[in-house]
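Biologist: Please show me the model, and then let me question you about how its parts meet and which local features deserve a careful look.

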Protein chains: 2
Amino acid sequence: MNTTRSGRPALTRPDGTPLRVLVVDDDPDLAEVLSGALRYEGWRIRTAGDGASALAAARELLPDAVVLDVMLPDTDGFAVLRDLHAVKPDVCVLFLTARDAVEDRIAGITAGGDDYVTKPFSLEEVVARLRGLLRRAGMARQPDEGPRLVVGDLVMDEEAREVTRGGELVELSPTEFELLRFLMRNPRRVLSKAQILDRVWSYDFGGRAHVVELYISYLRKKVDAGRDPMIHTVRGAGYVLKPVTP
Amino acid sequence: MNTTRSGRPALTRPDGTPLRVLVVDDDPDLAEVLSGALRYEGWRIRTAGDGASALAAARELLPDAVVLDVMLPDTDGFAVLRDLHAVKPDVCVLFLTARDAVEDRIAGITAGGDDYVTKPFSLEEVVARLRGLLRRAGMARQPDEGPRLVVGDLVMDEEAREVTRGGELVELSPTEFELLRFLMRNPRRVLSKAQILDRVWSYDFGGRAHVVELYISYLRKKVDAGRDPMIHTVRGAGYVLKPVTP
DNA sequence: CGAACCTCTGAGGGGCCTTTGAGCGGCCGG
DNA sequence: CCGGCCGCTCAAAGGCCCCTCAGAGGTTCG
């Protein structure tokens with residue numbers, strides 16, 4: 001079976017081959033980070049820096065999905081979207097856009113089944129949105145099943161953004177939710193504070209690892225509250241999430 | 001079968017040939033120490049002193065992994081990472097960075113599945129991280145199986161950073177963990193205190209061999225506690241770890 | 001426009017880890 | 001048999017890691 005670089009079974013095309021994703025951004029560093037994260041999901045990645053080379057790459061790769069910066073040096077994302085649909089009508093598109101970008105045009109996009117995230121984003125969010133898109137479009141085969149993450153009696157419904165522990169609802173803020181999602185996607189594995197920062201916080205976050213400690217303590221108060229702890233500190237290494245009794 | 005210089009079966013590429021690793025550091029002494037340790041793993045090593053020659057070497061060697069100093073005389077780590085991925089998209093990268101540069105521009109690097117260690121590091125840590133990377137990337141074939149070390153009834157899960165003896169959990173500090181990992185990777189072999197210092201402690205450690213004795217005694221208290229001892233002293237030579245009944 | 005919520009910073013404190021030093025016991029050589 | 005060396009352990013200092021509290025600034029929502 002095709003697997004991610006983390007060992008977890010990968011989200012694949014229906015025939016089991018790796019999903020193909022094209023990353024289009026004119027910032028080479030950002031494109032590199034993005035494609036690294038997506039490659040880590042076990043997918044096949046290509047990058048492009050402008051609209052013209054994006055189209056050329058798309059014609060060659062026939063990607064299942066495209067991560068597309070709205071602001072490109074030679075053209076804008078919407079024009080590229082039209083051309084992409086001409087090349088491959090069923091392609092999924094995830095837009096990258098500035099926070100204060102034109103909301104109305106973006107709104108029209110999501111109606112077509114595509115989606116967007118605003119810069120600066122976290123990699124966890126990009127990956128999650130992309131997985132959601134591919135799943136809903138029927139382009140991806142679920143190795144596990146459904147959009148639910150389960151670790152012990154802790155259950156996360158990613159689409160409903162709902163978390164329960166032992167059946168009880170746990171209410172989380174956005175950052176808490178993303179942190180817990182990252183932990184739940186890597187159960188029984190020690191994650192360093194740097195790893196967590198890189199995945200859960202925005203790529204331009206300048207802060208220190210201290211925030212991770214803080215949010216771990218928030219999560220503990222809500223997820224572990226009064227119960228047997230699932231979140232453990234590994235001194236000098238990081239944090240682990242694991243079921244109470246393995 | 002391909003083996004390490006120590007006789008232990010080596011971690012190899014899927015086809016059984018030795019893994020190829022490129023070491024890039026502008027300090028020749030450090031590069032030498034590193035490549036010595038990696039060669040000891042049974043891998044094929046090349047070194048480079050700057051970004052340009054690193055790329056040239058990469059094009060020729062097509063390495064499975066690169067150990068890469070972030071501070072290079074001619075360029076920075078991010079640019080090299082991009083170029084390396086262009087040469088070989090599935091290459092694993094382990095960055096070496098100064099402790100106070102961690103916050104700097106490392107952001108996003110671990111997100112792609114790559115990893116880093118801060119200077120001063122221990123060789124055990126570098127080797128362990130590299131093995132982890134290669135294993136997760138599916139570039140390495142397990143001679144034993146999985147990310148678990150087993151000696152007798154002593155079991156170490158490196159990813160969960162969990163150790164059990166006879167099923168019972170053994171809690172270890174970071175240094176204790178690394179020392180035990182070194183012992184478990186070299187079972188039934190006498191390791192001198194100097195060897196242990198060189199591998200487990202940082203390369204700039206100024207202390208004396210006395211610490212090794214102390215940490216061995218800590219390990220005994222936790223690992224051998226009340227049970228048949230697995231850690232043995234070989235007077236005048238060093239220490240051995242072996243199963244209770246060979 | 002106000003209130004609630006969320007995120008992040010800074011400071012304080014507690015506890016674990018690492019290292020050092022010293023003392024003791026046992027093994028080995030003289 | 002005795003002295004010296006090697007290894008083991010205890011005790012304590014210091015540092016570092018981690019947790020928590022309190023509050024400011026920003027954002028969202030009513």
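Predicted model: local features only at pLDDT ≥ 70, side-chain atom pairs only at ≥ 80, totals over all residues.

Biologist: How far apart are the centres of domain 1 of chain A and domain 2 of chain A?

Modeller: The domain assignment of chain A, with bounds that come from an automatic or database domain assignment, gives domain 1 (20–136) and domain 2 (148–241). Contact between them, meaning heavy atoms within 4.5 Å, takes 16 residues from domain 1 of chain A and 14 residues from domain 2 of chain A. Taken over C-alpha atoms, the separation of the two centres is 27 Å.

Biologist: Which residues of domain 1 of chain A lose the most area to domain 2 of chain A?

Modeller: Buried area is the accessible area (1.4 Å probe) that two parts lose on being put together, summed over both, and between these two domains of chain A it is about 1300 Å², with 40% given by carbon and sulfur atoms. On the side of domain 1 of chain A, three residues lose the most and together make up 40% of what that side buries, namely Pro120(A), Ser122(A) and Glu124(A).

Biologist: Which residue meets the side chain of Glu124(A) in a salt bridge?

Modeller: A salt bridge here is a side-chain nitrogen of Lys or Arg within 4 Å of a carboxyl oxygen of Asp or Glu, and the rule finds 5 of them across the interface of domain 1 of chain A and domain 2 of chain A. For Glu124(A), the N to O distance is 3.1 Å, and the partner is Arg199(A).

Biologist: What is the omega of the peptide bond from Lys119(A) to Pro120(A)?

Modeller: Most residues other than glycine have a negative phi, and most peptide bonds are trans. Pro120(A) is found in the loop between β5 (115–119) and α5 of chain A, where helices (H or I, at least four residues) and strands (E, at least two) are DSSP runs, numbered from the N terminus. In chain B, a cis peptide bond likewise joins Lys119(B) and Pro120(B), with omega about 0°. The bond from Lys119(A) to Pro120(A) is cis, with omega near -5°.

Biologist: Is Arg13(B) buried or exposed?

Modeller: Arg13(B) lies in the segment before β1 (20–24) of chain B. Not counting residues up to four places away in sequence, Arg13(B) touches Pro18(B), Leu19(B), Arg20(B), Leu62(B), Asp64(B), Met139(B) and Arg141(B). Buried means under 20% relative accessible area, exposed over 50%, and partly exposed in between (1.4 Å probe, protein chains only). With a relative accessible area of 15%, Arg13(B) is buried.

Biologist: Which backbone oxygen does the side chain of Asn186(B) reach?

Modeller: Asn186(B) has its place in the loop between α6 (174–185) and α7 (193–200) of chain B, and with a relative accessible area of 4% Asn186(B) is buried. Not counting residues up to four places away in sequence, Asn186(B) touches Arg8(B) and Leu191(B). At 3.0 Å, the side chain of Asn186(B) reaches the backbone oxygen of Phe182(B).

Biologist: Which residue of chain A forms a salt bridge with Glu162(B)?

Modeller: In chain B, 27 residues are in contact with 28 residues of chain A. The area buried between the two chains is about 2100 Å², of which carbon and sulfur atoms give 49%, and the count of salt bridges between them is 3. In the one that involves Glu162(B), the closest N and O atoms are 2.3 Å apart, and the partner is Lys242(A).

Notes:
Residues numbered from 1 in each chain as written. Chains lettered and ligands numbered in written order. Heavy atoms only, no water. Polar contact = N/O pair within 3.5 Å; in protein donor to acceptor, adjacent residues only side chain to side chain.
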